[in-house]
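Here are some structural labels, each checked against its cut-off. Look at the model, then follow the questions and answers.

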Amino acid sequence: MCDLDKNFLSLLTPENVKIEFDDLKRAKYDVVKNKIKIGPGCDGVGHAKFEEYIDRNSQDICNFGRKGNYRFKPFMEIETPKPPFGKHELEKAKKEKKIRILSISTIRDTIFQKLLCNPVYKHAEYMFENNIDENSYGYREGKSSKGAVKKIRKYIENGYVHVLDGDIEKFFDKIDHALLEQKMSDFFGKENKIVQKYLRKFMKVDRIPVGGFDIYKNDKTQVEKRTIGIPQGGVLSGLLANVFLFQFDLFVIQDLMPKYGFKYLRYADDFVLMFKEAQHLVEVFGLLEGYLANEKLTLHPLPNEQNKDGRKHSKQLDLRITGKKTLDFLGFEISPKFLQVKDDNLKKFKKKIVKILNDSYDKRTKDSQPLFLL
């Protein structure tokens, strides 16, 4: 077993903190607006202020981390629109219930997560590559959504046209802490106590719900304990999601695939099973539903006459019908005839470009009238 504690502690140097901070600035640099876009967390410290005191911040992160008493500050939750809505169309997105909740950490907490993630990710990748490499695509380097949908298209071309498009209900929000803690212990090793401790702290980090924080009147800040679920959007979020679903992947790959002969691919909490014949699809769905129930998770049901209640459902598709029948997955539409970006995603991209052009035009002319319209 890899000594993850030793590897992590060796990374806790002021030099490495500064490197991670520089990497963060590069990642958040907006080329169009020529500025760094790193929003402050609940401490109100932006990147300029953090950099002004970089030496002290670096020492604090390392000292607290080595002593085992580093504490994450509460993560602020924000609403962000889903396609086809752009960031400037939040109210419209709310009306259509096209909202995703993301968690925003402080800059120092983001850097600490990145330092912790480095050795933990390498160990996780070793486990994934030797067990589920061809089936797990989310939150892994070199495993993009484009690669996932291209593989799905290949499966369709090879006759796997009966599709179960599964979706776990509110996965990140409903991860059970006791189960995740046990899975982390098994996956990373009980002997790596420091790493385990900080992963647990991240898992249980307090939350500030949407609208519960005012940077200028922080006496009104509403901090809530996190008793279930993990932050969505943190550096460690995707990694822990994959760790939680690792045994689920093995169950599908080792127990079900040899018996039923389907193909399987998962990206975060979305997954597809692809069959050449449809006869076992509903049976396999029931087995997946039962397995996830033991994990205290709910698989969206298949639609039928009894449960057409307006809820979201998993989908059963027959892609032999090649008219308008497509598999919508990871922002793409996939069928035997084509692979293309979903219309909602194209609309969001176009809106973003139009807003950038109009903002640029307004600054040059001081004209409030938009020049470009969709």
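## Labels and their cut-offs

Q: What makes β7 and β8 a pair, and in which sense do they run?
A: β7 and β8 pair in the antiparallel sense over five bridges. Two strands pair if DSSP finds at least two bridges between them, so five bridges qualify. Strands here are DSSP runs (E, at least two residues), and helices are runs of H or I with at least four residues, both numbered from the N terminus. This is a predicted model: local features need pLDDT of at least 70, side-chain atom pairs count only at pLDDT 80 or more, and totals for chains, interfaces and linings use all residues. Residues are numbered from 1 along each chain as its sequence is written, and side-chain values use heavy atoms, with hydrogens and water left out.

Q: Which residue stands opposite Leu265?
A: Val272 in β8 stands opposite Leu265.

Q: What sits in the turn of the hairpin that β7 and β8 form?
A: The hairpin has two residues between its strands, and Ala268 is in the turn. Ala268 has a positive phi of about 60° although it is not a glycine.

Q: Is Ala268 called buried or exposed?
A: Buried means under 20% relative accessible area, exposed means over 50%, and partly exposed is in between (1.4 Å probe, protein chains only). Ala268 has a relative accessible area of 7%, so Ala268 is buried.

Q: Is Lys296 called buried or exposed?
A: Lys296 lies in the loop between α13 (281–294) and β9 (315–318). Its relative accessibility is 54%, so Lys296 counts as exposed. Lys296 also has a positive phi of about 60°, although it is not a glycine.

Q: Why is Glu181 called partly exposed?
A: Glu181 belongs to helix α9 (residues 177–188). Its relative accessible area is 29%, so Glu181 falls in the partly exposed class.

Q: What does Glu181 touch beyond four places in sequence?
A: Glu181 touches Arg200, Met203 and Lys204. Contact means heavy atoms within 4.5 Å. From Glu181 to Lys197 the separation is 16 residues in sequence and 9.8 Å in space, C-alpha to C-alpha.

Q: Why is Ser136 called buried?
A: Ser136 is in the loop between α6 and α7 (145–157). Its relative accessible area is 1%, so Ser136 is buried. Leaving aside neighbours within four places in sequence, Ser136 is in contact with Lys143, Asn242, Asp249 and Arg266.

Q: Why are α2 and α6 called roughly perpendicular?
A: Helix α2 (residues 14–27) and helix α6 (residues 107–129) pack at an angle of about 110°, with their axes 10 Å apart. Axes are lines fitted to C-alpha atoms, for helices over the stretch in contact, and angles run from 0 to 180 degrees between N-to-C directions. Angles under 35 degrees count as roughly parallel, over 145 as roughly antiparallel, 65 to 115 as roughly perpendicular and the rest as oblique. Therefore α2 and α6 are roughly perpendicular to each other.

Q: Which residues make this contact?
A: From α2 come Asn16, Val17, Glu20, Phe21 and Leu24, and from α6 come Ile107, Thr110, Ile111, Lys114 and Leu115.

Q: Which residues does the largest nonpolar core have with the most contacts inside it?
A: Those residues are Phe8, Phe171, Phe262, Tyr264, Leu273 and Leu288, in a core of 71 residues. A nonpolar core is a set of buried Ala, Val, Leu, Ile, Met, Phe, Trp, Tyr and Cys residues joined through side-chain atoms within 4.5 Å. Helix α6 gives the most to this core, with 10 residues. Another core, of 16 residues, lies apart from it; Val161, Leu327, Phe329 and Ile334 are among its members.

Q: What does Leu273 contact, leaving aside neighbours within four places in sequence?
A: Leu273 is in contact with His162, Val163, Leu164, Phe262, Lys263, Tyr264, Val284 and Leu288.
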